[in-house]
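Hi everyone, thanks for making time this morning. Please have a look at the structure on the screen, and then I'll walk you through it.

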Amino acid sequence: MALTRNGVTYRVADSHAHIYPEKIAEKATASVGTFYDTEMQNLGTTAELLRSGGEIGAEKYLVSSVATKVEQVRSISAFIAGECEKHPEFLGLGAWHQDVTDIIGEMDHLEELGLRGIKLHPDFQKVDIDDARLLPVYEEAQSRNLAVLFHMGDYRMAFSKPKRLAKIIKQFPRLLCIGAHLGGYTTWDEALEELPPAENLYVDSSSSLDFLTPEKARRNILHFGVEHTFFAVDFPMWRHCDEIDRFFALGFSEEENRKMLWDNFARVFSLK
Ligand SMILES: [Zn+2]
């Protein structure tokens, strides 16, 4: 599977996708839509993700889901790991919550499940990125080479402000940090000003390209670096076929497209 655009063939990875168990997919998808006051373009099930991504030849997906209560952490991580086992297209991130007390035990468990890191959504979880309860989590993730995918930005609240991530990037220079949404959903200018590029910081393109002009999106990508940007869709919020069109409209070169669509992701997650 691959994608051909203007006569060029690309491999595609989607570094930010959400899936939910069939039973709750409808409710979970709708509640995210309400939070962002937007119409969700898909239902967040595995089958729908593979169908939507299949339309653009996506070969790999980094899948996750968010725990809003500490009691949900284990079951969400188990669900994600189970889907990864069934679908070799998936790499999974575990759930986390600031009230996890046995940090080492939970990290051991994530690693046993074969998960590649954790997803944090500070605004859903009502926790600052630089909250003291998360610092030992970053320390532990750093020592295990586990990634942390941060939902970034929301002008309506302060939990996921770009400057909070800037502190963490500096404090944990070997922690693999992925700042979603080009460094800050609806706070793209703030991301440019307050979140400097760094060796350990990657950004993803999801939930950004429909809101920004190509010039503004390019500006954020060039700030963090083409080598540090992943193409991502934030399914079920968007359709893959629409997001890939928005991505190609940015006007990057064939080589730059290749890096953002596949090479960076493949390198960071050691894909063959
Ligand atoms: Zn997300």
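A word on the ground rules. This is a predicted model, where local features need pLDDT of at least 70 and side-chain atom pairs count only at pLDDT 80 or more, while totals for chains, interfaces and linings use all residues. Residues are numbered from 1 along each chain as its sequence is written, and side-chain values use heavy atoms, with hydrogens and water left out.

So, the overall picture. The protein has eleven helices and eleven strands; these are DSSP runs numbered from the N terminus, with helices being H or I of at least four residues and strands being E of at least two. How does the radius of gyration compare with that of a compact globule? For 272 residues a compact globule would come out near 19 Å, and the protein has 17 Å, which agrees. That radius is taken over C-alpha atoms, and the globule rule is 2.2 Å times the number of residues to the power 0.38. Along the principal axes, the C-alpha atoms fill a box of roughly 50 × 40 × 40 Å.

Of the 272 residues, 59% are buried. Here buried means under 20% relative accessible area, exposed means over 50%, and partly exposed is in between, with a 1.4 Å probe and protein chains only. On to contacts, meaning heavy atoms within 4.5 Å: among those with a separation of 6 or more, 77% are between residues 24 or more positions apart.

Now for the rings. Rings of Phe, Tyr and Trp (its six-membered ring) pair if their centres lie within 6.5 Å; planes under 30 degrees apart are stacked, over 60 edge-to-face, and the rest tilted. How many aromatic pairs does this rule give? The count is 17. Take F35 and F124: their ring centres are 4.6 Å apart and their planes are at 90°, so this pair is edge-to-face. F35 sits in helix α1 (residues 22–35) and F124 in helix α5 (residues 122–125), so the pair ties together parts that are 89 residues apart in sequence. F35 is partly exposed at 25% relative accessibility, whereas F124 is buried at 19%.

F211 is in the loop between β10 (201–204) and α9 (214–224), and W238 is in the loop between β11 (229–230) and α10 (240–248); the two are 27 residues apart, so the pair links distant parts of the chain. F211 is partly exposed, at 41% relative accessible area, while W238 is buried at 8%. Ring pairs join both couples into one cluster: F35, Y36, F124, Y185, W188, F211 and W238.

Let's finish with the two single residues. M237 is in the loop between β11 and α10, and is buried with a relative accessible area of 8%. Which residues does M237 touch, leaving out those up to four places away in sequence? They are V32, Y36, T38, E39, M40, Q41 and S207.

The other residue is S64, in strand β4 (residues 58–64). S64 is buried at 1% relative accessibility. Its contacts, again not counting residues up to four places away in sequence, are A17, H18, I19, I80, L93, K119 and L149.

That's my tour, and I'm happy to go back to any part.
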